[in-house]
Amino acid sequence: MDLSRIRNIAIIAHIDHGKSTLADRMLELCGAVDPRDMRAQYLDSMDLERERGITIKLQSVRLDYRDHVVNLIDTPGHVDFGYEVSRSLAATEGVILLVDAAQGIQAQTLANCYLAIENDLEIVAALNKIDLPAADPERCCEEIERILGIPADQVLRISAKTGEGVPELLDAVIERIPAPKGDPDAPLQALIFDSHYDQFRGVVSSLRVMNGTLRTDAKLRFMQAAAVHPAEEVGCRLPTPTPFRSLGPGEVGYLIAGIKDVGEARSGETVTEASNPATEPLQGYQEPKPMVFCGLYPIDGDEYPRLRESLDKLRLNDSSFTFAPETSGALGFGFRCGFLGLLHMEIVRERLEREFDLSIIATAPSVAYRVTVRGGREVTVDNPSELPPMGEIEQIAEPYLQTTILAPSDYTGAILDLCQSKRGEMIKLEYLSPERIELGYKLPLAEVVIDFFDQLKSRTQGYASLDYEPAGYQPGNLVKVDILLAGDPVDAFSSVVHRDRSEEYGRAMTEKLRELIPRQQFDVPIQAALGGRVIARSTVKAYRKDVTAKLYGGDISRKKKLLEKQKQGKKRMKAIGRVEVPQEAFISALRLD
Amino acid sequence: MAMLYVHVPFCPTICPFCSFHVLRPRDDLVGAYLDELGRELGEVAERSAGAAIETVYLGGGTPSQLTDAELGRLLDDVRRALPVAPDAEVTLEVHPGHVDRSRARTWEALGITRVSVGVQSTSDDALRRLGRSHDARTALDALDDVRGTGVTLNADVISCVEGQDLAADLAAVVARGIDHCSVYTLTIEPDTPFARRGVRVDEEVERRAILTAAEVLGAAGFERYEVSNHARPGHRCRHNSGYWAGESWFGVGPSATGHEPGHVRRTNPGFEAWLDGGRGAPTVVADPEVERLFTGLRRIEGVELPDGRWDAEVDRLVADGLLERRGRTIRATAAGVLVLDSVAATFL
């Protein structure tokens with residue numbers, strides 16, 4: 001294939017700025033999809049992706065446009081999957097920067113755009129949704145010029161919804177984005193930027209050939225995983241997967257190599273030929289690191305083996321979450337799981353319930369603390385209930401995030417308040433224009449995972465956007481607060497909080513649990529304790545009266561059914577000692593507002 | 001032994017707290033109703049295999065909405081179809097406004113042995129709130145009229161009505177010489193006018209009402225034998241006691257439920273379908289022991305625990321002070337009666 005006729009691109013955009021809709025239009029324009037088969041968000045294959053309107057798994061598609069091949073690589077639209085964005089950008093020579101003409105530049109636009117600039121990618125900027133009455137293209141162009149240095153007259157104006165301006169955008173891609181370079185005769189180097197598990201074919205990897213030629217039947221070496229697999233099938237998505245005999249430099253396609261675990265073909269992996277290997281892998285490979293942890297427990301203890309099986313299966317498809325068995329006094333046998341972020345955690349939990357029909361309890365999310373105990377030994381604790389006794393602890397350090405927040409300047413006060421209340425440290429405050437502000441804050445990850453994003457959205461009426469990256473560990477004055485139900489500590493409710501906030505936290509938590517735990521046949525005292533000292537308490541009062549007045553012939557089966565139904569509802573609850581605790585108490589108790 | 005429940009679907013007015021399937025009476029409907037009832041009694045006769053009927057209960061609806069001639073025909077049909085025992089308890093539910101001395105005597109002559117009067121309250125204010133068409137005077141007169149005959153006399157009272165003095169209501173009906181008193185806390189059923197109006201009953205008020213009923217009636221010589229039922233010695237309702245003891249019964253009428261021998265349950269499909277010959281499909285109760293315990297716990301004297309089941313649950317409820325246990329007999333404590341639904345749900 002003539003390299004000069006190839007363009008490899010990704011679309012980068014803030015969530016909801018219309019990336020998937022633009023991809024749909026491009027597919028139509030290039031005749032890739034029969035109009036009868038067209039559906040919205042064509043490339044988002046999971047139900048969850050369509051429902052939430054986000055891309056979780058990457059897809060690439062090969063389009064024909066004006067005698068050129070355009071490989072469009074989709075990028076995930078959420079900050080949890082930032083590493084995957086960087087991998088997919090590494091497979092391209094340029095990006096379409098898509099900005100909502102009504103909203104302007106948002107935090108993720110900025111973060112992804114900086115990433116593209118760092119990777120020396122050509123940027124074609126386009127304002128989307130110009131058909132909206134609220135669109136303000138002049139202001140947005142000016143913003144793009146001032147903040148990103150892209151001349152306003154180079155910014156295209158399109159409507160992905162109506163298709164207006166999309167042909168011109170594709171023209172600009174062909175004209176402005178450079179063709180890939182690569183040596184077809186060099187040893188093979190191909191970059192995997194996504195892998196997913198197909199129950200019939202095993203692992204299907206998306207990759208970009210950098211040098212050499214990838215041939216069907218070749219014996220391939222996966223350099224970081226140090227494994228050899230035969231290439232069973234090589235091909236391209238048009239978007240229907242279509243086998244090709246080989247892929248040359250600059251080409252993007254898929255590879256099936258009889259692999260059963262996506263962990264062996266992770267994003268960032270370099271594939272070479274076993275008989276004529278490259279000397280060096282491509283740069284940039286990173287093990288995905290979980291940032292947020294929680295316990296997952298089956299509501300019904302008998303489902304434990306099935307939960308393990310389901311986690312195994314899910315991990316075939318998503319190597320970025322981790323799990324290890326753990327035991328909770330309150331919840332029994334379960335798993336400690338690590339995730340890239342909160343959304344990732346919710347997605348895994350939801351997929352377990354939906355695709356594997358499990359009823360599970362997720363405990364409150366936690367971060368990994370670095371605890372220095374007497375004598376200087378350091379241990380990592382990702383489950384607050386496993387914190388050593390306070391007397392043995394010399395220091396607790398917690399992970400921090402460097403966050404970037406963009407918002408209309410009217411909300412500056414509200415955002416500063418929020419960040420202060422979350423123990424944030426301001427690093428940057430810059431006016432992007434008289435109306436828009438960029439804030440940089442260093443924030444403890446633990447504060448962010450609870451409800452920071454929800455709070456930010458609600459305090460700014462949805463106008464603020466957030467992006468973040470890890471920023472190391474810092475020691476803090478942290479303590480463990482235990483929660484006791486009917487006098488017994490419930491390990492699953494233990495939490496690590498800042499000492500100054502512990503009483504406030506204890507009061508909020510006991511009050512929230514009082515609302516969430518249904519009344520029982522007896523009073524249920526709820527206490528929050530620091531060390532052995534009770535710092536807050538509340539009580540779920542017992543039923544005063546719960547008896548049917550009339551129960552005669554025809555009432556019996558009716559009433560029985562009603563009580564059975566209520567009991568079914570209770571099956572969604574976990575009995576902790578004698579107390580029935582609903583599922584949502586474990587996670588929503590921490591969303592204190 | 002077996003029992004018979006007859007559903008009479010007619011009412012003079014529709015009460016705002018009632019969730020039952022009832023109709024305003026029309027002559028043509030009553031005739032058709034009695035004809036269909038006759039047919040259904042024939043069907044029951046075939047299934048009942050000659051089992052003696054120990055109790056008959058005419059409920060509704062408001063059975064006294066039927067004329068005495070119609071009631072006579074209905075009872076004749078029952079006796080022709082089924083072997084009703086000579087000493088059977090035959091209960092008639094009546095509206096106070098339908099009662100006078102002469103009707104009461106006729107009912108006795110027709111073989112009615114027990115009359116249940118829907119007094120509800122002796123306060124005109126409370127009755128108005130309940131949307132009842134009778135006043136206090138009428139209710140008390142009705143009790144007097146029935147007492148003059150030899151039948152067992154029950155008064156139904158509703159508690160927890162705003163502005164009601166329950167103790168005064170109970171004292172007033174007791175003073176009329178009743179033998180039996182059923183006291184029901186006002187229950188807001190879904191899809192009733194009360195529910196739509198957002199009427200609510202406070203749990204603490206209900207709790208106090210239940211305690212007050214037991215206290216006032218106990219002091220007057222009544223024995224509480226079920227959550228809401230109180231009787232002078234020898235005057236318990238045999239039919240209702242049968243429900244709670246897990247006896248079998250046949251149900252006839254448009255929305256009647258039966259629980260026939262072999263634990264076969266049938267619930268009729270409602271007036272129009274029933275009139276066309278529609279009947280409830282038989283279903284077998286999956287675990288009759290559960291149901292026996294579920295209803296049996298409503299009896300103050302308690303219920304026998306089946307061997308080898310629920311011992312752990314019972315131990316826990318005993319430890320919580322909600323049940324008492326003597327041998328295999330379990331009964332709800334005073335505290336347990338107040339939360340009996342959640343206690344009973346343990347066994348579901």
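Chain B contains 14 helices and 15 strands; helices here are DSSP runs of H or I with at least four residues, strands are runs of E with at least two, and both are numbered from the N terminus. This is a predicted model, in which local features need pLDDT of at least 70 and side-chain atom pairs count only at pLDDT 80 or more, while totals for chains, interfaces and linings use all residues. Residues are numbered from 1 along each chain as its sequence is written, chains are lettered from A and ligands numbered from 1 in the order in which they are written, and side-chain values use heavy atoms, with hydrogens and water left out.

Of the 348 residues in chain B, 54% count as buried (buried is under 20% relative accessible area, exposed is over 50%, and partly exposed is in between, with a 1.4 Å probe and protein chains only). Among contacts in chain B with a separation of 6 or more, 66% come from residues 24 or more positions apart; a contact means heavy atoms within 4.5 Å.

## A helix to look at

Find helix α2 of chain B, residues 68-81. The expected span is 1.5 Å times one less than the number of residues.

Which residues of α2(B) are buried? They are B:D68, B:L71, B:G72, B:L74, B:L75, B:D77 and B:V78. As you look at that list, keep in mind that an α-helix has 3.6 residues a turn, so residues three or four places apart point the same way.

## Where the chains meet

In the interface, 25 residues of chain A are in contact with 37 residues of chain B. The area buried between the two chains is about 3000 Å², and carbon and sulfur atoms give 54% of it. Buried area is the accessible area (1.4 Å probe) that two parts lose on being put together, summed over both. Three residues, A:Q521, A:R544 and A:Y552, supply 23% of what chain A buries against chain B, more than any other three.

Chains A and B share 23 residue pairs in polar contact, with both residues at pLDDT 80 or more. A polar contact is a pair of N or O atoms within 3.5 Å; within protein, one must be able to donate a hydrogen and the other to accept it, and residues adjacent in sequence count only if both atoms are side-chain atoms. The side of chain A that touches chain B has eight nonpolar, five polar and 12 charged residues (Ala, Val, Leu, Ile, Met, Phe, Trp, Tyr, Cys and Pro are nonpolar, Asp, Glu, Lys and Arg are charged, and the others, Gly among them, are polar).

## Salt bridges

How many salt bridges are there between chain A and chain B? The count is six, and over all chains it comes to 61. A salt bridge is a side-chain nitrogen of Lys or Arg within 4 Å of a carboxyl oxygen of Asp or Glu.

One of them pairs A:K559 with B:D341, at 3.5 Å from N to O. A:K559 is in helix α12 of chain A and B:D341 is in helix α14 (residues 340-345) of chain B, so this pair joins two chains. Both A:K559 and B:D341 are buried. Another links B:D320 and A:R578, whose closest N and O atoms are 2.4 Å apart. Here B:D320 is partly exposed at 27% relative accessible area, and A:R578 is partly exposed at 35%.

Most residues other than glycine have a negative phi, and most peptide bonds are trans. In chain A, a cis peptide bond joins A:L238 and A:P239, with omega about 0°; A:P239 sits in the loop between β12 (233-237) and β13 (241-244). In chain B, the bond from B:G60 to B:G61 is cis too, with omega near 10°.

Now for positive phi. A:R66 has a phi near 50°, and its place is the loop between β2 (60-65) and β3 (68-73) of chain A. B:Q120 has a phi of about 70° and belongs to strand β4 (residues 114-120) of chain B. Is each one buried or partly exposed? A:R66 is partly exposed, at 43% relative accessibility, whereas B:Q120 is buried, at 8%.
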